[in-house]
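Biologist: I'm still learning how to read a model like this one. Could you take me through a single part of it, slowly and in plain words?

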Amino acid sequence: MNIPILSAVMFTAFLGVILPNHPIDYVYNYGLRQLFSLPELPPRTPQVKFACGIATVWLGITILFFWYGLFSLAIIWGSVLIIIAGLVSTTDICIPSMIYNRLTGQKLGK
């Protein structure tokens, strides 16, 4: 696996934690939106920032597994992240958001 690419993805996830919007949202808001006259995306919620934080740590652990030659563990660990990301992308079910809501006592939709 290419550790520099995973590191770039991890850095992008980290930016999703510290910036008002995810970096891809900026591409949309200042690029695609302008080209196609689409509505602007709002700032990200705490749930999304929490999810980006989990992804940052998860990717960091995956990188360490690859770095230390634990390839099977890295592939399994990384595959779980891909499945979770695929779930939110296809069904809008975000497990990290559910965890955040449970930890903070928030209801869905807040």
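Biologist: Among contacts in the protein chain between residues at least 6 apart in sequence, what percentage join residues at least 24 apart? And please give me a close look at helix H3.

Modeller: The answer to your opening question is 49%, where contact means heavy atoms within 4.5 Å. One caution before we zoom in: this is a predicted model, where local features need pLDDT of at least 70 and side-chain atom pairs count only at pLDDT 80 or more, while totals for chains, interfaces and linings use all residues. Residues are numbered from 1 along each chain as its sequence is written, and side-chain values use heavy atoms, with hydrogens and water left out.

The protein chain has 5 helices and 0 strands. H3 covers residues 46–67.

Let's start with its partner H1 (residues 3–18): the two helices pack at about 160°, with their axes 8 Å apart. An axis here is a line fitted to C-alpha atoms over the stretch in contact, and angles run from 0 to 180 degrees between N-to-C directions. So H1 is roughly antiparallel to H3, a label for angles over 145 degrees; under 35 is roughly parallel, 65 to 115 roughly perpendicular, and the rest oblique. Their crossing is left-handed, meaning that the near helix is turned anticlockwise from the far one by less than a right angle (clockwise would be right-handed).

Who does the touching? On the H1 side you'll find residues including Leu6, Met10, Ala13 and Phe14, and on the H3 side they include Cys52, Ala55, Thr56, Leu59 and Ile63. By class, this contact has 14 nonpolar, 6 polar and 1 charged residues. Here Ala, Val, Leu, Ile, Met, Phe, Trp, Tyr, Cys and Pro count as nonpolar, Asp, Glu, Lys and Arg as charged, and the others, Gly among them, as polar.

Thr56 counts as buried because its relative accessible area is 14%; buried means under 20%, exposed over 50%, and partly exposed in between, using a 1.4 Å probe and protein chains only. Leaving out residues up to four places away in sequence, Thr56 touches Met10, Ala13, Phe14 and Val17.

Now for H5 (95–104). H3 and H5 pack at about 115°, again with axes 8 Å apart, and H3 passes H5 in a right-handed crossing. H3 brings Pro46, Gln47, Val48, Phe50, Ala51 and Ile54, while H5 brings Pro96, Ser97, Ile99, Tyr100, Asn101 and Leu103. That contact has 9 nonpolar, 3 polar and no charged residues.

Finally, the inside. The largest nonpolar core has 10 residues, among them Leu6, Ala55, Trp58, Leu59 and Leu81. Such a core is a set of buried Ala, Val, Leu, Ile, Met, Phe, Trp, Tyr and Cys residues joined through side-chain atoms within 4.5 Å. H1, H3 and helix H4 (71–91) each give two or more residues to this core, and H3 gives the most, with 6. In soluble globular proteins, nonpolar side chains tend to be buried together. For the whole protein chain, 28% of the 110 residues count as buried.

Note on methods. Helix = DSSP H or I, 4+ residues; strand = E, 2+ residues; numbered from the N terminus.
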